[in-house]
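Subject: Structure handover

Hello,

Here is the structure I promised to pass on. Please open it alongside this note.

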Amino acid sequence: LSHYLDVVEVNIAHQISLRSEAFFHAMTSQHELQDYLRKTSQAVKLLREKISKIDKVMCEGSLRVLRLSLTRNNCIKAYNKLKLMATVHQTQPTVQLLLSTSEFVGALDLIATTQEVLQQELQGIHSFRHLGSQLCELEKLIDKMMIAEFSTYARNDLNRPLEDDCQILEEERLVSLVFGLLKQRKLNFYEIYGDEMIITAKNIIKQCVVNTVSQIEEIDTEVVVKLADQMRMMNFPQWFDLLKNIFSKFTIFLKRIKATLNTIRSVVFLVLDKNQKTRDLEDTLQKNSAKDSTVDTEVAYLTHEGMFISDAFSEGDLPPVAADTTSQRNTSPNSEPCSSDSVSEPECTTDSSSSKEQTSSSVTPGGVEMMISDDMKLTDLELVRLANSIQELLYNASDICHDRSVKFLMARAKDGFLEKLNSNEFVALSRLMEDFILDTEQICGRKSMSLRGALQSQANRFVNRFHEERKTKLSLLLDNERWKQAEVPAEFQDLVDSVSDGRISLPEKKPAATEERKPAEFLIVEGQKYATVGTVLLLIRIILEYCQCVDNIPSITTDMLTRLSDLLKYFNSRSCQLVLGAGALQVVGLKTITTKNLALSSRCLQLIVHYIPIIRAHFEARLQPKQFSMLRHFDHITKDYHDHVAEISAKLVAIMDSLFDKLLSKYEVKAPVPSACFRNICKQMAKMHEAIYDLLPEEQTQMLFLRINASYKLHLKRQLAHLNVVNDGGPLNGLVTSDVAFYTGNLQALKGLNNLDLNMAEIWEQKR
């Protein structure tokens with residue numbers, strides 16, 4: 001090691017000796033370097049002084065302005081944040097204030113907005129860590145408050161005095177409540193209203209009964225405690241007025257319900273309409289965003305691949321915005337950066353980013369959807385179902401009123417009260433119920449069947465009693481009928497005249513002055529005289545009562561038709577038993593059934609037959625086309641009546657036939673002329689004519705006597721053949737001819753028979 005040290009020292013010395021000149025030169029030039037450094041230091045100092053002056057004059061103020069601007073912006077942001085915090089801090093007191101004035105929608109909107117602010121703008125702020133859960137609890141409380149408030153509203157709306165005014169109670173409050181309930185998805189709130197309707201309907205009837213009973217002195221409420229029993233003590237006019245009052249109250253009640261439910265439905269449809277518009281806006285925005293996103297995607301891809309945007313797009317292909325952006329980016333590297341640009345760049349980016357955030361939160365499809373979902377979280381299907389349920393509630397209201405009315409009606413009908421009503425009272429009741437049914441249908445737009453069914457069942461009972469009463473009355477009249485021609489009071493003639501004028505109804509009772517008119521001998525119907533019995537006059541009135549009843553109560557048309565058919569058949573069969581069957585001999589005690597009785601019976605039947613087509617047309621106009629088959633009853637009745645009339649005519653001919661058989665069997669051709677037999681026959685013919693001429697029309701009398709004459713000729717021909725008297729011009733022939741001439745002269749001398757073609761040549765056997 002010491003050897004190597006010596007070697008190194010030797011080499012160093014050698015090197016120094018080699019560069020000794022340069023070393024000594026450097027040592028000598030050091031003074032010059034120090035001079036240069038001093039001069040340089042002075043130049044730098046001078047430059048710094050100049051730069052300091054420039055900095056103070058030109059830069060320091062501008063930079064200070066920029067710093068102050070940044071500080072100011074930061075202070076504004078801090079202030080706004082603090083202001084937002086102060087506002088959020090006031091949320092709970094404000095919500096309480098809104099709730100005190102029942103501004104539920106405002107309170108819910110405020111809570112929703114505050115929750116959104118807490119999650120976005122004020123997220124992570126320690127002092128507000130419990131506010132979100134407190135607001136959720138407050139929202140639940142508002143739900144309960146709204147339901148309670150809606151119940152109170154429904155009670156107040158339905159229980160206010162039922163005067164003739166159908167205005168909505170506090171409409172703004174109702175709309176606010178419904179919006180709030182929809183916002184919170186409380187879609188069954190209408191059920192609360194439905195429950196209140198049932199309670200109120202019961203109370204309306206109860207209150208009406210109480211008010212009416214309190215005004216009737218005859219009902220002692222201390223003795224008769226039950227309300228139903230008190231109501232049953234009313235007479236018909238009192239009970240009818242009570243029912244009318246109940247119906248009028250129910251009508252106003254339904255109109256109010258309709259107005260309220262229509263308001264609720266309009267709110268639902270408003271939300272539905274808003275949803276539709278929002279969807280349309282979303283579709284438009286999605287289309288626009290789709291167009292923008294295609295360009296952005298291409299740009300991002302090209303940049304990622306390392307290509308220049310200016311190279312990727314030709315001038316013509318670039319959209320205007322992209323072209324501007326490209327030009328800016330291309331020019332920016334060549335432009336000299338100034339300090340102001342570099343300082344303001346962060347501020348610009350901050351503002352632009354915040355503006356982008358605001359735009360996206362309010363304009364993008366997601367943002368809009370969130371706003372709508374926060375506002376109203378209901379689908380179109382739910383809203384449509386709710387609207388239908390509210391409409392159904394209106395139908396239920398009509399059903400409730402009808403059901404309560406039926407119960408009220410049945411409570412009064414327990415003791416058979418409604419069945420004991422006379423026809424005028426029942427018609428009044430029926431009309432009142434029909435009017436109420438039509439009113440409710442008009443208000444609610446749908447038929448309720450319960451009250452109509454109750455009316456129909458009562459109508460059926462009424463029809464049964466109505467028919468039984470009149471059938472019993474007719475039976476009693478027939479059993480006491482002596483089959484003598486009755487005088488026709490003026491009121492019956494007026495009745496018949498009114499039918500001839502096309503009015504099938506009972507005329508109103510005329511003043512007493514008209515009763516001074518004397519009764520007529522015949523009933524004049526469309527110019528024809530009808531001799532009738534008292535029973536038939538009353539039967540016509542009864543028939544018109546049936547027709548009028550159908551007008552007053554259309555629902556019983558088919559029942560009335562069958563009952564009236566039954567009544568007409570009964571009259572036909574019973575009158576046949578009494579007259580043709582001679583039942584009147586035992587029932588009334590007639591000595592015999594005379595030809596006058598028979599002719600009168602025939603004419604009465606013809607009078608009823610005259611009215612059957614009129615009755616048929618009356619019912620046909622009131623029947624449904626599918627019920628026209630029932631009109632065949634009238635065809636059968638008409639045939640039965642015609643058959644009965646024919647039987648009576650045959651009976652009259654048979655009476656004379658037996659007389660001819662008896663008298664002509666003893667006839668002998670001998671003097672004197674006319675013979676006693678022919679005198680007797682002519683006498684009987686005159687009696688027959690006298691009995692029927694005033695009762696039957698002339699044509700019928702002529703037809704009847706032609707048939708009697710044919711019978712007479714048959715018997716005479718038989719007797720002449722028996723006596724071998726021929727038409728040979730001999731003495732016997734002359735005697736017979738004289739007798740026949742006497743008969744012919746007597747017969748043609750009778751009133752109305754002078755032109756009768758008797759054709760007496762038929763009595764002789766024709767020569768072969």
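Below is what was found in it, starting with the whole chain and moving to single residues.

Please keep in mind that this is a predicted model.

**The chain as a whole**

The chain has 768 residues, and 38% of them are buried. Its secondary structure comes to 25 helices and two strands. Now take the contacts between residues at least 6 apart in sequence: 79% of them join residues at least 24 apart.

Helix 1 covers residues 2-18 and holds I12. Together with V8 and I16, I12 makes a nonpolar surface patch of about 270 Å². I12 has 46% relative accessibility, so I12 counts as partly exposed.

Next come helix 2 (residues 20-89) and helix 3 (residues 91-100). Their axes lie 5 Å apart, at an angle of about 40 degrees. The two helices are therefore oblique to each other. On the helix 2 side, T87, V88 and H89 make the contact; on the helix 3 side, T91, Q92 and P93 do.

**Salt bridges**

The whole structure has 15 salt bridges. Three of them are worth a look.

- E434 pairs with R452, with the closest N and O atoms 4.0 Å apart. E434 sits in helix 15 (residues 423-444) and R452 in helix 16 (residues 449-479), 18 residues apart. E434 is buried because its relative accessible area is 16%. R452, at 22%, counts as partly exposed.
- R622 pairs with D551 at 2.4 Å, N to O. This pair links distant parts of the chain, 71 residues apart. R622 lies in the loop between helix 21 and helix 22, while D551 lies in helix 18 (residues 534-552). R622 is partly exposed, at 34%. D551 is partly exposed too, at 33%.
- R470 pairs with E469 at 3.5 Å, N to O. R470 is buried at 11% relative accessibility, whereas E469 is partly exposed at 41%. Both belong to a network of salt bridges that also links R465 and E545.

**A buried asparagine**

Which residues does N709 touch, leaving out those up to four places away in sequence? They are Y743, L747, L758 and M760. N709 itself is in helix 24 (residues 698-722). Its relative accessibility is 1%, so N709 counts as buried.

Best wishes

Methods: Residues are numbered from 1 along each chain as its sequence is written. This is a predicted model: local features need pLDDT of at least 70, side-chain atom pairs count only at pLDDT 80 or more; totals for chains, interfaces and linings use all residues. Side-chain values use heavy atoms; hydrogens and water are left out. Patches are made of residues with over 30% relative accessible area and no salt bridge: like charges are joined within 9 Å, nonpolar side chains (Val, Leu, Ile, Met, Phe, Trp, Tyr) within 5 Å. Accessible areas come from the Shrake-Rupley method with a 1.4 Å probe; for residues, only the protein chains shown count as cover. A salt bridge is a side-chain nitrogen of Lys or Arg within 4 Å of a carboxyl oxygen of Asp or Glu. Helices (H or I, at least four residues) and strands (E, at least two) are DSSP runs, numbered from the N terminus. Buried means under 20% relative accessible area, exposed over 50%, partly exposed in between (1.4 Å probe, protein chains only). Axes are lines fitted to C-alpha atoms, for helices over the stretch in contact, and angles run from 0 to 180 degrees between N-to-C directions. Angles under 35 degrees count as roughly parallel, over 145 as roughly antiparallel, 65 to 115 as roughly perpendicular and the rest as oblique. Contact means heavy atoms within 4.5 Å.
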